Amino acid sequence: LDGTLLGNPESTRRFKDAWEALPKSTRPMLCYASGRLVQDMIDLTSALLLMARELPYAADTTPCNAAGVVRACAEKHMHLIGGRAIRMEVELLATPHLPVERPLLEILVGNLIRNALFNTRSGFVLLRLEQERLTVQDSGVGMSGDELAQVFEHYYKGAQSVGSGVGLSLVKRICERYGWRISLDSIQGQGTTATIYFSSLL
């Protein structure tokens, strides 16, 4: 908080006062929520620019190494665990090379990881990559049937969500671009499993 907030010393002072007034236990989640909103907007803007291209994938483009993307995204998001008793596991059972722009695959995987980590207080987040699918499973709070029915709607936010409501709808749009399919299974109090099938036929 050195310097000024948006060039305004008074705004900086008020921000500092408000921050100091917060219980220390709520500060990490507030930081995460703010960062999540910013990342959602960055992802949305980047994805829309990429998907505005007439052709989703050029035949002469090198296929994307999905295993490399999954591993890198897991490492990138590891810090979000913070002090919680969560273990993140990565199982690379295959190394599929997919006809997809790497930035869009990174956005897709990153969104699934952030959803899993935010909704898990303790336990595990598992990423499993197979030849025909990617699975992201967590032992988190899960979703109700009503939430599950609306989760892919643009700007829909569950009762405990701090995001912008674009994450899973954006994941679905990326899947549709490449003819993939996404499936969500969730039980309240037990966790959620998201599966990306790299073919609409699976």
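Predicted model: local features only at pLDDT ≥ 70, side-chain atom pairs only at ≥ 80, totals over all residues.

Analyst: The protein has 6 helices and 7 strands, arranged along the sequence as α-α-β-α-β-β-α-β-β-α-α-β-β. Of its 202 residues, 43% are buried. Among contacts with a separation of 6 or more, 68% link residues 24 or more positions apart.

Now to the helix pair. Helix 4 covers residues 102–118 and helix 6 covers residues 167–178. Their axes lie 9 Å apart, and the two helices pack at an angle of about 145 degrees. The crossing of helix 4 with helix 6 is left-handed. On the helix 4 side, the contact is made by Leu-104, Ile-107, Leu-108, Asn-111, Leu-112 and Asn-115. Helix 6 meets them with Gly-167, Leu-168, Leu-170, Val-171, Ile-174, Cys-175, Arg-177 and Tyr-178. By type, the residues of this contact comprise 10 nonpolar, 3 polar and 1 charged.

Strand 4 (residues 123–129) runs antiparallel to strand 5 (residues 133–138), with 5 bridges between them. A hairpin of 3 residues connects strand 4 to strand 5, and Arg-128 sits opposite Thr-135 of strand 5. Strand 5 is also joined by 6 bridges to strand 7 (residues 191–197), again in an antiparallel arrangement. There, Leu-134 has Ile-196 of strand 7 as its bridge partner.

Conventions:
Residues numbered from 1 in each chain as written. Heavy atoms only, no water. Helix = DSSP H or I, 4+ residues; strand = E, 2+ residues; numbered from the N terminus. Buried < 20%, exposed > 50% of the residue type's maximum accessible area, 1.4 Å probe, protein only. Contact = heavy atoms within 4.5 Å. Axes fitted to C-alpha atoms, helices over the stretch in contact; angles between N-to-C directions. Left-handed = near helix turned anticlockwise from the far one by under 90°. Nonpolar A, V, L, I, M, F, W, Y, C, P; charged D, E, K, R; others polar. Pairing = 2+ DSSP bridges.
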